[in-house]
Amino acid sequence: MGLDPLGNSFYLLQPVNVARLFPVRVVSRRTGLSPHVLRVWERRYGAVAPQRSSGNRRLYSEIELQRLETLASLTRAGHAISQISGLSTADLEALLHEEQQKVLSYSGNARSYLTKAGAEPAEFLSAAFNAVSALDIGGLEESFDRAALALGYSGLIEQVMAPLIEQIGSAWSAGKIAAAHEHAASSLIKDYLARSAPPYGDPAGPGVVVATPAGQLHELGAVLCAAVARKCGWRVTYLGPSLPAAEIAGAALHHGVALVALSIVFPHNDPQLPGQIERLRRLLPEEITLVAGGRAAPAYQQALEAAGARIMPDLTAFRDLLTQNPVPRRAP
């Protein structure tokens, strides 16, 4: 066992007992791919062809599991599944070996850095915030690269970027950093996620609209939500900051989504926001689930609960919701 270009475990093919079969939950846990992404890779790209149990459940051989692990490692390194799914297993292993060599040459000492840092999220978070405080954009990007190597794409978003945004917001509110620091960090985070977004998703899969309601101008939480949803294989419609309820509902209806996700970060005391939340719920069909998260979301708990919205305490909870099948609907 070794590390792929983003620090995730991978397995080179060894002689195996081909009679052993694995259910979807095991494959999902071993590869880091959601069940929905696995279905997309099989149906749309023909990555593997699992067997079926007597109950019509998918069962994967160990060879198929290892092939999916290799494919997952390569997509985390930036390769599009549409371009590599048709490669032979030998070619995939050769391509992964090339990516390993790139990682070993990263800054001359990627392996020693990971050993020294212990791959602890707090180390990367501290380095990232120090870079923001110094307006060192190059250093901030480097801290993200190193976090991605050690923690993977999901770990970067959930364990580094999300708490970094919270820390920046608190420091800005306390007057410890200026608006320029926040804007510079926001710009890099949005650009970084746009460049590193994994090629997951299915045009025919479940859809989600991500936005911030009217009066909510801080959009980085929404940007991270959109990134997590794409990683989980969802079809994402990202609307950006400060949208009226009617526009959010209109986009949800137009794109036929199953979920609307709101990011509520600042301010905590907008007297207009409860009315916007109530109006959005009235405009949305009952079958569309409404969720909300962000630093200021608990301040509007009463309005959100009245609208039947689910409050997400963090991005990990949001990811867990997205990987459920089917997505829980609004409580009656």
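**Close-up views of a predicted model**

**View 1. Helix α10 is largely enclosed by the rest of the structure, because eleven of its twelve residues are buried.** The model shown here and in the views below is predicted. Helix α10 covers residues 220-231. Its buried residues are Leu220, Gly221, Ala222, Val223, Leu224, Cys225, Ala226, Ala227, Val228, Ala229 and Lys231. From the first C-alpha to the last, α10 reaches 17 Å, close to the 16 Å expected at 1.5 Å a residue. Just after this helix, Gly233 adopts a positive phi of about 90°.

**View 2. The largest pocket has a volume of about 630 Å³.** Its lining comprises 35 residues, and those nearest the pocket centre are Ile165, Glu166, Gly221, Val265 and Gly294. Gly221 is also among the buried residues of α10. At least two lining residues come from each of the following elements: α8 (137-173), α9 (179-196), α10, β8 (259-263), β9 (289-293), β10 (310-312) and α14 (315-322). Helix α8 supplies the largest share of the lining, seven residues. Sorted by class, the lining of this pocket holds 21 nonpolar, eight polar and six charged residues.

**View 3. Thr212 lies in strand β6, which spans residues 207-213.** Thr212 has a relative accessible area of 0%, and a residue is classed as buried under 20%, so Thr212 is buried. Leaving aside residues up to four places away in sequence, Thr212 touches His218, Glu219, Ala222, Gly240, Pro241, Ser242, Leu243, Ile248 and Ser263. One of these partners, Ala222, is a buried residue of α10.

**View 4. Helix α3 is mostly covered, with 14 of its 15 residues buried.** This helix runs over residues 62-76. At 1.5 Å a residue, α3 should span 21 Å, and its end C-alpha atoms are 21 Å apart, so the two values agree.

**View 5. The protein chain contains 14 helices and ten strands.** Of the 332 residues in the chain, 51% are buried. Among contacts between residues at least 6 apart in sequence, 70% join residues at least 24 apart.

Definitions and conventions. Residues numbered from 1 in each chain as written. Predicted model: local features only at pLDDT ≥ 70, side-chain atom pairs only at ≥ 80, totals over all residues. Heavy atoms only, no water. Helix = DSSP H or I, 4+ residues; strand = E, 2+ residues; numbered from the N terminus. Expected span 1.5 Å × (residues − 1). Buried < 20%, exposed > 50% of the residue type's maximum accessible area, 1.4 Å probe, protein only. 1 Å grid on protein atoms, 1.4 Å probe; cavity = no way out; pocket = protein on both sides within 12 Å on 5 of 7 lines; lining within 4 Å. Points joined across faces, edges and corners; volume = space filled by probe spheres on them. Nonpolar A, V, L, I, M, F, W, Y, C, P; charged D, E, K, R; others polar. Contact = heavy atoms within 4.5 Å.
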